[in-house]
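Please keep the sequence and the structure in view while reading.

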Amino acid sequence: MMHCSQPLSMSSICRPYAVSVPNLTRSVPFINERKEGHCTSVSRSVNMESLRSGYLFPEIAKRELEHRQKYPQEKLIRLGIGDTTEPIPDIITSAMAEYTLALSTVKGYRGYGAEQGNTDLRVAIAEKLYKNMGVQGNEVFVSDGAQCDISRLQMLFGSDVTVAVQDPSFPAYIDSSVIFGRGGNFEEKTGQYGNISYMKCCPENNFFPSLSPYYTPKTDVIFFCSPNNPTGNAATRQQLKRLVEFAKDNGSIIIYDSSYAAFISDDSPRSIYEIPGAKEVAIEVSSFSKCAGFTGVRLGWTIVPEELKYSNGFPVIKDFDRIMCTCFNGAASVSQAGGLACLSQEGYKAMMGVVNYYKENAKIIGETMRSLGMKVYGGKNAPYIWVHFPGQTSWDVFSEILSKTHIMTIPGTGFGPAGQAYIRFSAFGHRQTVLEASRRLRNLYNN
C-alpha cells in the first residue's frame with residue numbers, strides 16, 4: 001500500500017504604513033509618516049504586512065556598515081554572516097572558464113538549458129552524493145541555491161497548510177511561510193507566529209525536538225535542517241528514523257535542508273534518504289554554496305522523490321517540475337559546469353580540502369570559547385559555533401562583542417526565540433583572521 005500525506009489544501013487609499021526594526025531585544029513597530037506622491041489603488045499584501053521585522057542578515061549588514069563608519073580605523077572581523085572566504089579550487093574555476101570561453105565559439109555556444117538542470121549534473125549529483133540511496137537523476141532539480149528552492153517549494157502547498165520549524169532555525173523557513181500566508185498572527189509575548197509550530201531544539205533535548213503531541217502537534221509540512229543552522233548540530237540516525245516515522249504517522253511532508261552535509265565528521269547521516277522510507281515523506285534541498293565556495297556563483301539542488309505523493313495520490317514531483325518550468329529558466333550553464341567539476345574525482349578532493357580548512361577554523365573558535373569557561377555547541381559537523389551567554393540577551397552580547405572587539409557575530413534570537421542568550425560564530429574566514437579574533441575574544445573575557 002502506497003503512503004500518501006494527509007490532505008493539503010491548495011485598501012484603496014494612500015495611508016501611512018507600518019514597518020519594523022529590531023532593537024536589542026525585539027521588533028518595535030513604527031509608523032512611516034511619508035504620504036506625499038502618487039499612491040496606486042493596489043493594496044499591500046496582508047502576508048507581507050504580517051512580517052514583523054527586517055530580514056535578519058540585511059539588518060546585520062546595516063549594523064556592520066554603521067560600525068565601520070563609527071570606527072573607520074579599526075579592522076573589522078566578520079564571523080557573522082556565513083559567507084565563504086577561501087578561493088574556489090583551480091580545477092573548478094578552470095572548468096567554468098573553459099566553458100565560458102567556448103561560448104564565444106560557434107561550436108561551444110549554448111543558449112537556454114533545461115529548467116530542471118543539465119542532465120549530466122543531475123546524474124552526477126545522484127550518483128556521487130546519494131549513492132545506494134535510491135535517488136535517480138530525474139528526481140534531482142538543479143537550481144540557483146537552496147534558499148531560492150525553499151520559496152519555490154512553498155508554492156506546492158495551499159495557504160491553509162500547517163508548518164513546523166526547528167527553534168532556532170534558518171529565518172527563511174519562517175519568513176517564506178508567512179509570505180505564503182501560513183504564519184497567522186504574530187504574538188509579541190512569545191515572539192512566534194500563531195499558526196507555526198516551533199520545535200524547540202536545545203542542549204536539554206540534544207538539539208532534537210520532542211515529537212510527542214504535547215510538544216509537537218501534527219503539521220502538514222516540517223522544515224528540518226541537519227547539520228543545523230545555527231546550532232551546528234547534526235541529527236543522529238536514530239533521531240532521523242524517529243522524524244521519518246513521525247511524518248509517516250501524521251501524513252506530513254518533511255523539507256530537509258542538508259546544505260552543510262559536507263561538513264559532517266562523524267557517522268551522522270548526510271541525507272534524509274539514508275533513512276528507510278524517507279523517500280515517501282521527504283524533499284531534500286542542498287547547495288554548493290558553502291562546500292564549494294559558490295555563495296556568489298549560485299548553484300544548488302532539490303530532490304523530489306517519485307514516491308512522494310499528495311493525499312489524493314498525485315506525485316509531488318510533477319507539480320514541482322511545473323513550478324520550475326514556470327518560475328525558473330534554469331541555473332546558469334557556467335555554474336553548472338563548475339558543479340560538474342566539483343563532483344569529479346579531483347574536484348571533489350579539492351573541494352573537501354577547503355571544507356576541512358573551515359572545520360579547522362571552527363575548532364579554533366570552539367576551543368577558544370571553551371577555554372573561557374563557556375558552553376559551546378556545534379563546530380564539529382558544521383561551520384557554525386553556538387555559544388551560550390546565560391543571563392544576557394543575544395543582542396546585548398552581539399553589541400558588546402562588536403563594540404569592544406570589532407568582531408561581527410549573529411545574535412541567537414535572530415534564529416528564533418530559543419536562540420535567546422546565544423551567539424552564532426561563523427568559521428568562514430582566513431586563518432590569520434580567525435586567530436586574531438580568538439586573541440581579541442580572550443582579551444575581552446579574560447578581563
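In helix H6, the buried residues are Pro-171, Ala-172, Tyr-173, Ile-174, Asp-175, Ser-176, Ser-177 and Val-178; buried means under 20% relative accessible area, exposed over 50%, and partly exposed in between, with a 1.4 Å probe and protein chains only. Because 8 of the 9 residues of H6 are buried, the helix is largely enclosed by the rest of the structure. The model is predicted: local features need pLDDT of at least 70 and side-chain atom pairs count only at pLDDT 80 or more, while totals for chains, interfaces and linings use all residues. Residues are numbered from 1 along each chain as its sequence is written, and side-chain values use heavy atoms, with hydrogens and water left out.

- H6 covers residues 171-179 and lies across strands E5 (163-167), E8, E9 and E10; contact means heavy atoms within 4.5 Å.
- Helices (H or I, at least four residues) and strands (E, at least two) are DSSP runs, numbered from the N terminus.
- H6 runs at about 170 degrees to E8; axes are lines fitted to C-alpha atoms, for helices over the stretch in contact, and angles run from 0 to 180 degrees between N-to-C directions.
- Just after H6, Gly-181 has a positive phi of about 85 degrees.

**The sheet**

- Seen in order, the 7 strands of an open sheet are E4-E12-E11-E10-E9-E5-E8, and their pairing is mixed; two strands pair if DSSP finds at least two bridges between them.
- Strand E4 (140-143) and strand E8 (196-200) are the edge strands, each pairing on one side only.
- From one strand to the next, the twist averages 20 degrees.
- Strands E9 (residues 221-225) and E10 (residues 253-257) run parallel and are joined by 5 bridges.
- Val-221 has Ile-253 as its bridge partner in E10.

**The nonpolar core**

- The largest nonpolar core has 121 residues, and those touching the most other members are Ile-125, Leu-156, Phe-224, Tyr-273, Phe-288, Met-369 and Phe-425.
- Helix H11 (residues 345-371) supplies the largest share of this core, 9 residues.
- A nonpolar core is a set of buried Ala, Val, Leu, Ile, Met, Phe, Trp, Tyr and Cys residues joined through side-chain atoms within 4.5 Å.

**Salt bridges**

- There are 14 salt bridges in the structure; a salt bridge is a side-chain nitrogen of Lys or Arg within 4 Å of a carboxyl oxygen of Asp or Glu.
- Arg-68 and Glu-64 form a salt bridge, with the closest N and O atoms 3.1 Å apart.
- These two residues are 4 residues apart in helix H2 (residues 56-70), so about one helical turn separates Arg-68 and Glu-64.
- Arg-68 counts as partly exposed because its relative accessibility is 37%, whereas Glu-64, at 10%, counts as buried.
- Glu-64, Arg-68 and Arg-78 are linked in a network of salt bridges.
- In another salt bridge, the closest N and O atoms of Asp-149 and Arg-152 are 3.0 Å apart.
- Asp-149 and Arg-152 lie 3 residues apart in helix H5 (residues 146-154), about one turn of the helix, and both are buried.
- Lys-404 and Glu-400 meet through their side chains in a salt bridge of 3.2 Å, N to O.
- Helix H12 (residues 394-405) holds both Lys-404 and Glu-400, 4 residues apart, about one turn of the helix.
- Lys-404 counts as exposed at 53% relative accessibility, and Glu-400 counts as partly exposed at 24%.
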